[in-house]
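Let us take a friendly walk through one protein chain, from a single side chain to the wider picture. Have a look at the sequence and the fold before reading on.

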Amino acid sequence: MEILVIDYDEYSLLLMYDFLTFNKFQVLMANNARSGLQIAREQQPDLIICELNLPRLSGYEVLRILRSEPSTASIPFWFLSFEADMATRRRALQQGADGYFTKPVDLNELLSAIRDRF
């Protein structure tokens with residue numbers, strides 16, 4: 001299974017990479033929205049985990065763009081964010097996200113969610 005992680009924070013990317021590869025997933029990484037979109041289009045991963053508050057293009061915009069393209073529209077998309085309020089979570093899900101995790105993410109909870117989904 002291939003997972004694309006999009007996050008501007010190098011530490012978060014490396015943490016996710018180490019954890020997911022340790023658990024036998026193939027991991028693609030992007031440190032900005034544009035490269036994340038390109039990788040999603042070219043590789044069509046099984047899951048995209050994206051920071052909500054990316055610079056330049058927000059996670060909402062990344063989601064909107066991917067959902068508008070037939071080749072990426074059905075890829076499960078989960079947000080990561082420091083924003084823990086219910087209004088933000090609700091908005092993310094209403095925009096079409098399949099999941100929402102608050103940073104710092106509970107890695108065991110994330111792993112459980114991945115295993116439950118796939």
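Let us begin with Ser-12: leaving out residues up to four places away in sequence, Ser-12 touches Asp-7 and Lys-103, where contact means heavy atoms within 4.5 Å. The place of Ser-12 is in helix H1. Helices (H or I, at least four residues) and strands (E, at least two) are DSSP runs, numbered from the N terminus.

A word on the source: this is a predicted model, in which local features need pLDDT of at least 70 and side-chain atom pairs count only at pLDDT 80 or more, while totals for chains, interfaces and linings use all residues. Residues are numbered from 1 along each chain as its sequence is written, and side-chain values use heavy atoms, with hydrogens and water left out.

How covered are some of these residues? Buried means under 20% relative accessible area, exposed over 50%, and partly exposed in between (1.4 Å probe, protein chains only).

| Residue | Relative accessible area | Class |
|---|---|---|
| Ser-12 | 14% | buried |
| Glu-2 | 17% | buried |
| Leu-14 | 40% | partly exposed |

Leu-14 also belongs to helix H1, which spans residues 10-22. Together with Tyr-17 and Met-29, Leu-14 makes a nonpolar surface patch of about 240 Å². Nonpolar patches join side chains of Val, Leu, Ile, Met, Phe, Trp and Tyr within 5 Å, using residues with over 30% relative accessible area and no salt bridge (a side-chain nitrogen of Lys or Arg within 4 Å of a carboxyl oxygen of Asp or Glu).

Glu-2 lies in strand S1. Beyond four places in sequence, Glu-2 touches residues including Gln-26, Leu-28 and Leu-47. The C-alpha atoms of Glu-2 and Val-27 are separated by 5.7 Å, with the two residues 25 apart along the chain.

Now for the inside. A nonpolar core is a set of buried Ala, Val, Leu, Ile, Met, Phe, Trp, Tyr and Cys residues joined through side-chain atoms within 4.5 Å. The largest one has 24 residues, of which Leu-4, Ile-6, Ile-48, Val-62, Phe-77 and Phe-79 touch the most other members. Among the elements that each supply at least two of its residues are strand S1 (2-6), helix H2 (33-43) and helix H3 (59-68). H3 gives the most, with 5 residues. A second, separate core of 19 residues includes Ile-3, Leu-13, Leu-110 and Ala-113.

Finally, an unreviewed UniProt entry annotates residues 2-118 as "domain: Response regulatory". Over residues 2-118 the chain is 46% helix and 21% strand.

Conventions: UniProt positions are given in the numbering used here, feature names are shortened, and annotations may be inferred rather than shown by experiment. Patches are made of residues with over 30% relative accessible area and no salt bridge: like charges are joined within 9 Å, nonpolar side chains (Val, Leu, Ile, Met, Phe, Trp, Tyr) within 5 Å. Accessible areas come from the Shrake-Rupley method with a 1.4 Å probe; for residues, only the protein chains shown count as cover.
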